[in-house]
Each structure stands twice: as C-alpha cells, then as structure tokens.
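Visitor: I would like a close look at a single part of this structure, a sheet. Please go through its pairing first, then what lies around it, and then the chain as a whole.

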Amino acid sequence: MKNDIVVRKIILVFFVAVILLTPLGITTPKVATIAPDQRDAGQIKLISINKGAGGISMAWYDDGHIGPLWLPNHPLQFNFHAQPLQFKVNGELQNIDLPVWIYLRYYTGIGPSLYSFTHELGIKSFGVCADLAVMPFHWLQQYIHDQPFFAVRDLADLGQTAWGLTSADFNHDELPDFAVASADAPFTHSTISIYYNNGNDSFTKEDVYTFDYSYINDLQAGDYNNDGHIDLVFTYSEDIWYEGLPIKVNGTGKILLNDGTNHFSNPFTIFWNGPGEPYNPENRINPQLTTEDYNKDGNLDLLVGDNSGKVELLLNNGTGTFTSAGLIHDYNQLSWGLSSGDFDHDGDVDAIVAANIDSSSGYVYLKRNHYIESNGSTIFDTGSGDVLLGFIGLAGCLQVLDYNNDGLLDFLFGLGDSVYLILDQNSSLLVVPIGRLPENKEGGWSDDLSQGALTSSDYNRDGKADFVVGGIQGIVRLGLNNYSLALPPTRSSINHPPKVIKGEDTEFTFVADDILGANVSYWIDWGDGTNSGWIGPYASGEEIAVSHTWTKALTYFVRVKARNAFGESDWQNCPVFVYSQKDVNRDVSTPLVQGHDDFFFDNMPRMNNRMVKMISEATVQNLSIIVAPHGIIHNK
C-alpha cells in the first residue's frame with residue numbers, strides 16, 4: 001500500500017509538470033534539423049509518440065522505471081520501421097523518414113513495456129525530456145545497394161521465400177542463367193522460374209514448375225542423368241497436423257528431369273529423411289543442398305544439410321538416382337550453409353558448411369575432400385573440418401566464388417539479413433560487409449538469408465564472379481562484381497567505452513580495411529561541430545586510437561570515413577551518449593555492441609554485449625567481431 005502511494009505521487013507530479021509546461025509554447029526545430037550544437041539539455045521538450053498497429057516498432061530502456069512510468073535515468077530509444085507514426089515535439093507534428101531511431105534523454109513519461117515489438121498493438125508514449133536526437137537507419141546500416149564492391153539492383157519481387165537459387169546455362173547459349181524457387185503471398189503454391197540471360201544485363205523469366213504442397217527450401221541445377229540437359233533438384237519439408245497445427249517432421253528431395261526443351265514434370269523422390277516427431281530437434285527438416293562431383297566419377301553428387309545439423313553425402317548413380325554414402329559429419333544443429341569448391345587446389349572438390357553449435361552461435365567449416373590423396377578410398381575427412389570463422393545467430397547460406405580472380409576461393413555468407421564477402425588473403429581471411437537487405441516497406445520486417453538464397457556466376461561475361469541473392473521477402477537482386485585495383489576502403493568501425501563523461505577525455509578506436517592492403521587515412525566528425533581532419537595514413541586493418549572531449553551532456557552522432565589513394569568510404573555513424581558527472585555512478589549503457597564493426601543490433605543490445613564478452617573470453621582468441629543486424633561474425 002505504501003509503495004502504491006509513492007507511485008501515485010510520482011505520477012501526479014509528472015502530470016502537474018506536463019500541465020505547467022504545455023502553455024509555454026517552446027519552439028523547437030523540426031527533428032530532421034536538430035543538431036547537437038543547437039540543443040541545450042536544460043530546455044524541456046514535451047514529447048508525444050503514437051505509433052499505431054502495423055509495422056515494427058520497438059522501445060528499449062534500462063532500469064529506472066515503475067510499471068509503465070519511465071524515469072529519467074537512461075536514454076529512451078524508439079525504433080520505428082513503418083507507418084502509421086505520429087511524433088510530436090511541443091505539439092508540433094514532425095516529418096520523419098522511416099525507418100529511424102529516436103533517442104530521448106532525461107525522459108519522464110508513460111510508455112510501453114521494457115522490450116516491445118508492437119506490430120499489432122502499437123506504441124503510445126507521453127512525457128517530457130531535456131534532449132532528443134534522431135538517427136535514420138541508413139546512418140547505422142550499410143545497405144546492400146550502398147557499397148562499392150558489387151553494383152546491386154533489384155530484378156524482381158516474387159512474393160516471398162526466394163530461397164532456392166542456382167545457376168546454369170539452361171538454353172545452351174553460353175550465357176549463364178539462373179533459376180529461383182519462390183512462393184506467392186499469401187501462400188497458395190511455390191514456383192520454380194528460370195531467368196534466361198539476354199546478354200545485356202537483363203533476363204527473361206519463364207515459370208517452369210508449380211508445387212502446391214509447401215514452400216521450397218532449396219534448389220540445385222545440373223545434368224544429373226548425363227543426357228546433356230540441365231535438370232533441377234528441389235527440397236521441401238513435409239508436415240503433419242499436431243494439436244491443431246501443421247508441424248514439419250520430414251525433409252524430402254525430388255528431381256525434375258529436363259525433357260530437352262526446359263520442360264520439367266513428373267518429379268520423383270531422391271531422398272526422404274523421416275519419419276520425424278513433432279518438435280524433435282533431430283528432425284531432418286528444411287533440407288539444404290550443394291552439388292558437385294565429389295568422387296570424380298563424372299556424375300554430379302549431392303550434399304544435404306538440415307535442421308538436425310547432419311550433412312549427408314548422396315552419390316549419383318549416373319541416372320539421376322542417388323545412393324547414400326553416409327554422414328560426412330553431424331554438426332549438432334542447423335547445417336543450413338553449404339557450398340563447394342576446390343579450396344586446397346588438390347584436384348578434388350571440398351565443401352564449406354555453416355552450422356550452429358547451439359541455438360545462438362556456430363562456425364563456418366572447411367570440409368576437405370581426400371579422394372585423390374587416398375586413391376579413392378576416402379572422400380571426406382573425419383571430424384568437423386577446419387574452422388574458418390565463427391558467427392552469432394542462425395546459420396545462413398553460403399556461395400563459393402573467386403571475387404578478385406587471384407586463384408584463391410572466396411565465399412559469400414548470408415547471415416540474418418546481411419551479406420558478407422569472405423576474402424582469402426593467403427594467411428588470413430578478410431571479412432568485407434557487403435550490406436543489409438532493406439526492410440519490408442509495408443511492415444518493416446527484416447529479410448532472412450538462412451536458407452539457400454545465394455548463387456553466383458559471371459552473368460555479364462566480364463570475367464568476374466557476380467551473384468544473385470534472394471531472401472524470405474521474395475525480392476531477387478543481382479550483384480555485378482565491381483572489383484578493380486582502385487576500390488575505396490571498407491567502412492570504418494567505431495568503438496568507445498560504455499560511459500562517456502562530459503569534460504573528460506574519451507578514447508575511441510577506429511579501423512578500416514583495404515582489400516588490396518593499401519594504407520588508409522581517417523576523417524572523424526565528433527558531432528559537436530568539430531572534426532579531426534584527415535589523419536594518417538595507417539596500415540590497412542590497424543586499429544587507431546583518437547581521443548575527444550565533449551562540453552555538454554547530450555546525444556552526439558560521431559561519424560568516420562576512411563580513404564585510400566583511390567577514394568573514400570561511406571560514413572560510419574555511431575550515437576554516443578555523453579553524461580554529466582552526476583550520472584557517473586548510474587548504470588548507464590550504450591545500445592551498441594562493442595565490437596569490430598558498429599552495425600546496429602535489432603534486439604536486446606545489453607544481452608548481446610554480454611554474449612560477445614562470453615564468447616571472446618571463453619572460446620576464441622585474437623577475436624575480431626563484425627556486428628550484423630541479426631548475427632555476428634567473429635574471425636578466429
């Protein structure tokens with residue numbers, strides 16, 4: 001009862017403050033024009049946020065609240081992806097381009113629960129704050145269209161689940177085509193479509209097969225019966241009704257033989273992994289594929305991964321029928337990433353596998369083929385294989401290619417909703433963020449590349465490996481290789497301590513990579529009207545330390561760009577919360593994971609901070625981390 005009286009008094013004081021402040025008519029610039037040097041932490045602003053149902057919105061804050069009452073201990077952060085949104089400052093409706101992050105400092109008000117994805121319910125908040133700042137999503141996220149390494153453009157919107165992607169010359173015109181499996185939305189059927197290459201950076205689509213049962217998980221192409229025509233293999237999951245819901249229990253693969261005119265019919269089953277039980281983690285559902293001739297008999301074989309973590313080798317009998325050669329390894333969970341290539345240049349084809357070791361982390365492994373060395377007695381070595389790099393999140397799709405034509409095999413990694421290029425630099429691997437797939441415009445949902453959503457070939461015949469990427473949203477995008485000897489550096493990372501105090505010197509660290517190893521220089525904008533000018537040059541990948549002092553306790557947007565002799569990178573931005581001395585002993589924290597690259601995490605930043613710390617202390621040494629929207633790559 002006593003606590004209830006205290007809460008009521010606090011609420012009463014809050015509403016009295018609001019009533020007294022409302023008539024003041026404080027004028028504030030439009031949110032888009034507010035800059036740190038224009039703000040004063042002593043000016044109280046009346047804030048009203050009303051985000052209706054539909055589209056993703058998120059509120060995040062730390063301690064210092066009683067039920068729905070927010071107290072001014074910590075920055076209050078809102079993440080809005082889609083309309084409808086009304087955001088008012090001192091009664092004036094703000095015009096904001098979505099998606100966006102809004103930061104409110106020293107906020108007192110009534111708002112949503114601790115961590116709210118409110119797609120259906122919306123967010124309503126009403127209160128006062130002493131400082132506000134707005135950061136567009138693209139300041140934090142490098143989108144896939146906005147990077148120098150591939151020229152990316154949208155090709156088609158197929159509805160949803162453009163998961164199966166594969167490349168081949170289907171019409172024998174010496175131009176590489178690709179095929180994609182997708183589904184309409186809402187689901188009535190899946191479709192396999194061939195995109196014929198017209199030779200002028202355009203494609204002609206032909207739907208070649210319709211599948212009414214379910215979504216297609218993956219797709220591969222090749223001449224499996226050795227008749228000179230490109231066939232298709234696709235996978236899907238079978239379900240049963242359990243407690244009123246369709247639950248996946250079995251994984252199935254079927255082959256579609258080409259009749260010679262790119263017509264496909266009468267699929268027959270080449271593997272069936274069941275029967276399973278509802279919710280059993282060992283169920284071999286969501287099967288993923290890679291295809292090559294692993295035993296050098298002239299027939300294209302298959303490797304199959306799935307939810308169970310097992311990877312099975314299926315040897316082709318030469319007629320499009322297959323015999324299991326057993327498991328090459330059981331990786332424990334989600335062996336969803338599979339691709340093939342001769343990484344050790346010994347004449348037989350190896351495989352790379354992305355798989356989880358638990359529900360939140362995993363590794364990419366190189367599984368070596370020893371067929372030649374063993375004189376045909378062994379195909380793949382025992383064990384999991386060599387660890388190439390680790391990640392946090394769910395295993396995603398892989399695609400082997402040689403990006404820079406140096407004879408060393410690189411690969412693309414689709415993790416969460418982002419694509420990474422992993423470059424083999426002889427003694428080390430360089431992780432190059434290619435970018436995030438844009439959010440769904442209607443609901444703000446992120447894309448997902450966990451299943452077979454990448455393929456590669458030289459589509460424009462310029463001698464360089466390009467890629468096509470799909471995703472759960474069903475949008476197919478073409479990435480043409482921009483490799484040259486005159487590329488700018490990658491975007492720099494920004495790292496800083498969790499507590500930045502007004503009047504104290506704070507050390508920041510920055511690092512950018514040049515894919516050719518050239519030196520890089522940095523320009524740092526501190527967000528308070530001052531900058532470093534160009535400093536350097538420094539060695540590529542060298543972490544540099546630069547200090548700065550702020551004179552006001554506000555939210556600042558620190559940004560950095562890097563340059564080499566050929567050009568400049570895009571800006572990398574980072575919100576920095578500067579606290580006054582009286583805040584020093586409070587449990588303040590930054591929403592950014594302190595890692596190798598400050599991409600923004602979309603969920604539970606403090607938990608992810610702890611997760612990164614645990615991994616760095618417990619499992620790997622010399623850890624460098626790239627933070628992605630729904631996953632983290634750490635390079636061992």
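Guide: Two strands pair if DSSP finds at least two bridges between them; helices (H or I, at least four residues) and strands (E, at least two) are DSSP runs, numbered from the N terminus. The model is predicted, so local features need pLDDT of at least 70 and side-chain atom pairs count only at pLDDT 80 or more, while totals for chains, interfaces and linings use all residues. Residues are numbered from 1 along each chain as its sequence is written, and side-chain values use heavy atoms, with hydrogens and water left out.

The part to look at is an open sheet of four strands, in the order β13-β14-β15-β16, with antiparallel pairing. Its edges are β13 (160-168) and β16 (203-211), each of which pairs on one side only. Direction ignored, neighbouring strands of the sheet are turned by 20° against each other on average (axes are lines fitted to C-alpha atoms, for helices over the stretch in contact, and angles run from 0 to 180 degrees between N-to-C directions). Strand β15 (residues 190-197) runs antiparallel to β16 and is joined to it by eight bridges. One of the residues involved is Ser-190, whose bridge partner in β16 is Phe-211. Strands of a sheet pair through backbone hydrogen bonds, either parallel or antiparallel.

Asn-217 counts as buried because its relative accessibility is 2% (buried means under 20% relative accessible area, exposed over 50%, partly exposed in between, with a 1.4 Å probe and protein chains only). Its side chain makes a polar contact of 2.9 Å with the side chain of Gln-451. Here a polar contact is a pair of N or O atoms within 3.5 Å; within protein, one must be able to donate a hydrogen and the other to accept it, and residues adjacent in sequence count only if both atoms are side-chain atoms. Not counting residues up to four places away in sequence, Asn-217 touches residues including Trp-163, Gly-164, Asn-286 and Gln-451; contact means heavy atoms within 4.5 Å.

Leaving aside neighbours within four places in sequence, its contacts include Ile-192, Tyr-209, Asp-231 and Phe-264. Asp-231 is 25 residues from Leu-256 in sequence and 5.9 Å away, C-alpha to C-alpha. Leu-256 is counted as buried because its relative accessibility is 0%.

Elsewhere, strand β1 (residues 45-51) has five of its seven residues buried. Seven bridges join β1 to the antiparallel strand β10 (residues 123-129), where Ser-48 stands opposite Phe-126. β1 also pairs in the antiparallel sense with strand β6 (residues 85-89) over five bridges, and Asn-50 has Gln-86 as its bridge partner there.

As for the whole, the chain has three helices and 45 strands, and 57% of its 636 residues count as buried. Among contacts between residues at least 6 apart in sequence, 60% join residues at least 24 apart. The structure holds zero disulfides (a disulfide is a pair of cysteine sulfur atoms within 2.5 Å). Cys-129 is buried at 0% relative accessibility, and Cys-397 is buried with a relative accessible area of 3%.
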